[in-house]
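Open the structure in your viewer and keep the selection panel at hand. The stops below say what to select next and what is there.

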Amino acid sequence: MSTKPILSLVVVIGVIALFAILGNQSQQLIAANESPAATYQKAPDNPSDAAKLAMLKSRLESKLQGIDINDIEKSPLEGFYQVFFSGQVLYVTEDGQYLFTGNLLELAEQAPINHTELAVAALEQKQAPMRKQVLASIDEKDMVIFRAKDEKHVITVFTDVDCRYCRKLHEQMAEFNDNGVTIRYLAYPRAGIGSSAYKKLVSVWCSDDKLAAMDDAKLRRKFADASCNNPIAKHYKMTRDFNLSGTPALVLDDGELIVGLPPMGDLMKHLSQKAEVKAAQVTPGS
């Protein structure tokens with residue numbers, strides 16, 4: 001009788017036994033020697049939206065030094081959140097690992113839809129009541145006000161004295177006032193507290209004649225050497241709270257924010273349209 005079949009059977013049985021032993025040993029090894037991955041406390045699979053957004057905000061602010069996030073919400077792009085900071089938007093994955101900046105465009109049938117612009121506009125509309133409430137709490141004695149005789153509209157302007165378009169706005173002051181627009185200035189030294197721009201604004205706010213001092217600063221680049229207790233730092237903090245990044249920053253009486261200086265005709269048309277809408281919303285006897 002040949003021994004080859006018997007030997008083959010022995011080999012097969014031996015291989016099976018060897019795999020069984022190795023498999024059992026590997027399970028024991030894993031149980032006895034947990035890796036760092038095994039001891040890692042995984043975040044809950046389904047945390048509440050609030051908790052998830054708080055975790056994401058914390059991660060981004062720790063990784064991206066210097067940004068102050070004021071809102072996070074789901075974006076139209078599946079798997080991404082849109083993050084708002086300083087009037088800008090970035091898009092980040094749900095785990096906060098990857099992000100990109102720029103406009104999010106949807107290639108719709110008729111024309112591309114800019115979802116970034118729509119998101120910024122929606123956020124501005126949401127924040128308008130807050131800006132209105134904050135500005136209503138500011139004492140006008142802490143402002144420099146060029147008041148229209150026949151006042152129809154009030155615009156609060158965060159201004160710097162070294163900003164080109166801030167000076168251009170001031171050059172149009174007579175036209176603003178003639179159109180019934182009161183301009184209320186708040187200080188925005190973009191270079192920060194203690195900067196040259198800050199000291200120039202202090203000299204205006206500490207002048208005995210603030211209107212004349214603002215004219216000198218904006219139109220003639222003349223600055224007095226004046227100092228006093230002043231609200232400049234308080235105004236500057238408001239610019240951080242409002243996430244302003246440019247000057248002039250115009251806040252209308254309903255809290256709407258306009259950054260930059262639009263053409264006078266366009267601005268007056270916008271103010272008139274808003275006044276008409278407001279008047280239409282007022283019911284008789286209200």
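Predicted model: local features only at pLDDT ≥ 70, side-chain atom pairs only at ≥ 80, totals over all residues.

Residues are numbered from 1 along each chain as its sequence is written, and side-chain values use heavy atoms, with hydrogens and water left out.

**Stop 1: the four-stranded sheet**

Helices (H or I, at least four residues) and strands (E, at least two) are DSSP runs, numbered from the N terminus. Two strands pair if DSSP finds at least two bridges between them. Show S1 to S4: these four strands form an open antiparallel sheet in the order S1-S2-S3-S4. Its edges are S1 (71-74) and S4 (99-101), each of which pairs on one side only. Neighbouring strands are turned by 25° against each other on average, direction ignored; axes here are lines fitted to C-alpha atoms, for helices over the stretch in contact, and angles run from 0 to 180 degrees between N-to-C directions.

Select S1 and S2 next. Four bridges pair them in the antiparallel sense, and aspartate 71 stands opposite phenylalanine 84 in S2. Their hairpin has five residues between the strands, and there glycine 79 takes a positive phi near 90°.

Move on to S2 (80-85) and S3 (88-93), antiparallel strands joined by six bridges. Look for tyrosine 81, which stands opposite valine 92 in S3.

What lies across S1, S2, S3 and S4? Select residues 49-63: this is helix H3, which runs at about 60° to S2.

**Stop 2: the five-stranded sheet**

Now show S7 to S11. These five strands form an open sheet with mixed pairing, in the order S7-S9-S8-S10-S11. The edge strands are S7 (144-146) and S11 (257-259), each pairing on one side only. From one strand to the next the twist averages 20°.

Within this sheet, S8 and S10 (249-252) run antiparallel and are joined by four bridges. Phenylalanine 158 stands opposite alanine 249 in S10.

H7 lies across S7, S8 and S9 (181-187), at about 125° to S9. H8 packs on the sheet and touches S7, S8 and S9, its direction making about 85° with that of S7; contact means heavy atoms within 4.5 Å.

**Stop 3: the disulfide**

Which residue does cysteine 206 join in a disulfide? Select cysteine 228: the S to S distance is 2.0 Å, and a disulfide is a pair of cysteine sulfur atoms within 2.5 Å. By this rule the count comes to one disulfide. Cysteine 206 is in the loop between H7 (196-205) and H8 (210-220), and cysteine 228 is in the loop between H8 and H9 (232-241), so the pair, 22 residues apart, links distant parts of the chain. The torsion about the S-S bond of cysteine 206 and cysteine 228 is about -90°, so the disulfide is left-handed.

**Stop 4: the largest pocket**

Finish with the largest pocket, which holds about 310 Å³ of space. On a 1 Å grid over the protein atoms alone, a pocket is an open set of points where a 1.4 Å probe fits, with protein on both sides within 12 Å along at least five of seven lines, and lining residues have an atom within 4 Å of a point. Grid points are joined across faces, edges and corners, and a volume is the space filled by probe spheres set on the points.

Select the lining, which includes Lys132, His153, Asp253 and Lys278. S8 (153-159) and H10 (264-281) are the elements that give two or more residues to this lining. H10 gives the most, with five residues.
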